[in-house]
Each structure stands twice: as C-alpha cells, then as structure tokens.
Amino acid sequence: MTLVLDAGALIALDRNERAMWIRLKALQEAGELPVTHGGVVGQVWRGGPRQARLAAAMAGTDVRALDDHLGRAAGELLAETRTSDVIDGALALVAVDGDEIVTLDRDDFEVLVAATGRHVELIRP
C-alpha cells in the first residue's frame with residue numbers, strides 16, 4: 001500500500017496538520033515513500049521559506065513526471081469519464097491496486113478510479 005498524495009494532502013502537510021504528518025512518518029518508518037506527480041506539486045508549491053515544512057515532506061516523496069505518456073492516458077481517462085481535471089486524472093492513474101489516495105476531492109476521484117478498474121481507497125488528509 002502506498003499513499004498517493006493529492007493537493008489537499010500536500011496543503012495539510014504545509015499547514016502542519018498532525019494527522020497527515022503522522023501518516024507520512026508511519027510510511028517512512030515502514031521504508032515506503034508517498035507518491036504524487038509534478039502537476040500536483042505545481043498546484044501547491046509557491047516557494048520560499050514559508051514552505052519549509054512542505055519542502056521537507058517533498059524531500060521524502062516520489063514525484064513522478066507528468067510526461068507525454070501519462071498525459072495522454074489521463075486525457076483518455078477524462079474522455080471516458082467526461083471529466084476535465086488532468087491533474088486528478090493523472091493522479092488516479094499513478095495509483096495502483098491497494099493504494100490510498102489522500103484527497104479532499106472524493107467525488108471526483110470516485111469517478112476516475114472506478115473507470116480505471118483499480119481498487120483504491122480514498123481518504124481525507
């Protein structure tokens with residue numbers, strides 16, 4: 001099981017929300033890395049010393065590229081689900097069976113994940 005981080009999860013880390021940091025620390029202690037993609041990082045990253053906590057969290061995160069292959073697959077998923085958020089579509093494709101997507105956008109991800117046929121849990125930060 002891997003934690004797949006949506007923007008809401010990264011915002012929770014940036015805001016120093018205890019529950020999200022506990023999840024992250026437990027994952028790291030188990031030798032696992034959370035996963036996200038560069039588009040999600042772009043949604044929350046503004047730089048500077050005010051995001052030191054987020055920078056620390058990102059140092060222990062597997063940030064995948066939102067490249068041509070993932071972008072095309074996300075576009076096809078969006079067409080199939082008649083949705084439009086490429087960042088969410090790509091993140092749904094990053095997740096694999098047994099993963100947990102940490103998100104505030106449960107309704108959007110339910111549709112996307114169902115279309116992938118993967119068994120993924122959706123949890124709040």
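Helix α5 and helix α7 (residues 106-116) pack at an angle of about 105 degrees, and their axes lie 10 Å apart, where axes are lines fitted to C-alpha atoms, for helices over the stretch in contact, and angles run from 0 to 180 degrees between N-to-C directions. This makes α5 roughly perpendicular to α7, given that angles under 35 degrees count as roughly parallel, over 145 as roughly antiparallel, 65 to 115 as roughly perpendicular and the rest as oblique. Helices (H or I, at least four residues) and strands (E, at least two) are DSSP runs, numbered from the N terminus. The model is predicted, so that local features need pLDDT of at least 70 and side-chain atom pairs count only at pLDDT 80 or more, while totals for chains, interfaces and linings use all residues. Residues are numbered from 1 along each chain as its sequence is written, and side-chain values use heavy atoms, with hydrogens and water left out.

With contact taken as heavy atoms within 4.5 Å, L77, L78, E80 and T81 of α5 meet V111, L112, A115 and T116 of α7. The residues of this contact of α5 with α7 divide into 5 nonpolar, 2 polar and 1 charged, where Ala, Val, Leu, Ile, Met, Phe, Trp, Tyr, Cys and Pro count as nonpolar, Asp, Glu, Lys and Arg as charged, and the others, Gly among them, as polar.

The axes of α5 (residues 68-81) and α6 (residues 86-94) come within 8 Å and cross at roughly 105 degrees, and α5 and α6 are therefore roughly perpendicular to each other. On the α5 side, L70, A73, A74, L77 and L78 take part, and they meet V86, G89, A90, A92, L93 and V94 of α6. The contact of α5 with α6 comprises 10 nonpolar residues, 1 polar and no charged.

A salt bridge is a side-chain nitrogen of Lys or Arg within 4 Å of a carboxyl oxygen of Asp or Glu, and by this rule the count comes to 3 salt bridges. In α5, D68 is paired with R72, the closest N and O atoms being 2.9 Å apart; being 4 residues apart in that helix, D68 and R72 are separated by about one helical turn. Both D68 and R72 are exposed, where buried means under 20% relative accessible area, exposed over 50%, and partly exposed in between (1.4 Å probe, protein chains only). E110 counts as partly exposed at 38% relative accessibility, as does R106 at 43%. R64 and D62 form a further salt bridge, with the closest N and O atoms 2.9 Å apart; R64 is partly exposed, with a relative accessible area of 37%, and D62 is partly exposed at 27%.

D6, found in the loop between β1 (3-5) and α1 (7-14), is buried yet has no salt bridge, and the nearest side chain of opposite charge, R124, is 10 Å away (Lys and Arg count as positive and Asp and Glu as negative, while His and the chain ends are not counted). Leaving aside neighbours within four places in sequence, D6 is in contact with V40, Q43, D88, L91, V102, T103, D105 and F109. In α1, 7 of the 8 residues are buried, so this helix is largely enclosed by the rest of the structure. Its buried residues pack against β1, α2 (18-29), α3 (38-44), α4 (52-59) and β4 (100-102).
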